[in-house]
Amino acid sequence: MANSVNTNIGAMVALKNLNSVSESLSSTQKRISTGLNVADAYDDGASYAVAEGIRSDVKAIGAVNERLAVGKGMIDVAVKAGENISKSLQDVRVVLTKLSDEALNATDRANYNAQYTTLKEDIDNFIKDAKYNGVNLIDSTTGQKIISNVDGGNIEVKAKDLKTDVLDKLTAVTDATGAAALIADGAGVDEAMKELGTGMNQLAADSRRVTNQIGFNNAIADATNTGLGAIVDADLAKESARLQSLQVKQQLSSQALSIANQSPQSLLGLFR
């Protein structure tokens, strides 16, 4: 090999190695700082595209569960209203039982009639106020379809018109005979309680469906995230070991380049 001040082969090799080590060190530091083996398309275009598709699926599942949570809210409000209506119906039965007593004087009958009217107003208010996000599941026969998966499937939550099926069964009472007729087996109060029970049972079943679907979607999202991690997550233990190795190589490459750069100066001795 000719001794030349124009071409320093040793320095060129040392510089090439230093650049290579520095590039590897930069990549390793990126993986450590992000925690990702595939942080962007520059790392691995194909894997990054797959990862982005999976991230999109996970976000879509989150959106579905958000809508299911809204549906769960509608049902829960309707159930709470139903529970209060049930308590009021029990009170209605008590008051009507007293009103069916032929021995009541006019004043007591008027007072119990006022209680009966107030209880019906309470039931009416419970039905009207059972709204969540503008939807009332116990003041209509129109159910709600709630999206349940990322393919656009849905769960249908049934509605029940408790004004017609419950409140309207509690007709006006003018005397003891009318009150007794309302509390008879299979009559107004009995029918109202049965209809309310049917509605509550359906709401509870729909609530379980929505809750189960939210749990299932969360399980899918967890499994999907686990698969995503296998694609893009960096093994930080390996990266830590690689970082130390590359840092040593970088120091050695720098020293090798420094030594190689001093080589042409030895040629000056030939001209002394």
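**Figure 1. Salt bridges of the predicted model, with the pair Lys-30 and Asp-43 in close-up**. The structure, a predicted model, contains twelve salt bridges. In one of them, Lys-30 pairs with Asp-43, and the closest N and O atoms lie 3.2 Å apart. The two residues come from distant parts of the chain, 13 residues apart: Lys-30 belongs to helix H1 (residues 9-34), while Asp-43 sits in the loop between H1 and helix H2 (45-99). Lys-30 is partly exposed, with a relative accessible area of 27%, and Asp-43 is also partly exposed, at 34%.

**Figure 2. The salt bridge between Lys-128 and Asp-124**. The closest N and O atoms of this pair are 3.2 Å apart. Both residues are located in helix H3 (residues 106-129), at a spacing of four residues, or about one turn of the helix. An α-helix has 3.6 residues a turn, so residues three or four places apart point the same way. Lys-128 is partly exposed, with a relative accessibility of 42%; Asp-124 has a value of 16% and is classed as buried because the limit is under 20%.

Figure 3. Lys-160 is buried, at a relative accessible area of 18%, and Glu-195 is partly exposed, at 26%.

**Figure 4. The buried face of helix H5**. Helix H5 spans residues 176-183, and Ala-176, Ala-179, Leu-182 and Ile-183 are buried within the helix. Viewed down the helix axis, the buried residues of H5 fall within an arc of 125°, so they line one face of the helix. These buried residues pack against H2, H3 and H6. At the start of H5, a side-chain oxygen of Asp-175 comes to within 3.3 Å of the backbone nitrogen of Thr-177.

**Figure 5. The largest nonpolar core and the surroundings of Tyr-116**. This core comprises 41 residues, and those with the most contacts inside it are Ile-85, Leu-96, Tyr-116, Leu-137 and Ile-138. Two or more residues are given to the core by each of H2, H3, E4, H5 and H6. The greatest share, 14 residues, comes from H2. Leaving aside neighbours within four places in sequence, Tyr-116 is in contact with Val-92, Val-95, Leu-96, Leu-99, Leu-170, Thr-171, Val-173 and Leu-182. Among these contacts of Tyr-116, Leu-182 is one of the buried residues of H5.

**Figure 6. The buried acidic side chain of Glu-239**. Glu-239 is found in helix H7, which covers residues 236-262. The relative accessible area of Glu-239 is 4%, and the residue counts as buried because this class holds values under 20%. The side chain of Glu-239 makes a polar contact of 3.1 Å with the side chain of Arg-242. When residues up to four places away in sequence are not counted, Glu-239 touches Thr-28, Arg-31, Ile-32, Asn-37 and Ala-234.

Conventions:
Residues are numbered from 1 along each chain as its sequence is written. This is a predicted model: local features need pLDDT of at least 70, side-chain atom pairs count only at pLDDT 80 or more; totals for chains, interfaces and linings use all residues. Side-chain values use heavy atoms; hydrogens and water are left out. A salt bridge is a side-chain nitrogen of Lys or Arg within 4 Å of a carboxyl oxygen of Asp or Glu. Buried means under 20% relative accessible area, exposed over 50%, partly exposed in between (1.4 Å probe, protein chains only). The arc is that of the directions from the helix axis to the C-beta atoms. Contact means heavy atoms within 4.5 Å. A polar contact is a pair of N or O atoms within 3.5 Å; within protein, one must be able to donate a hydrogen and the other to accept it, and residues adjacent in sequence count only if both atoms are side-chain atoms. A nonpolar core is a set of buried Ala, Val, Leu, Ile, Met, Phe, Trp, Tyr and Cys residues joined through side-chain atoms within 4.5 Å.
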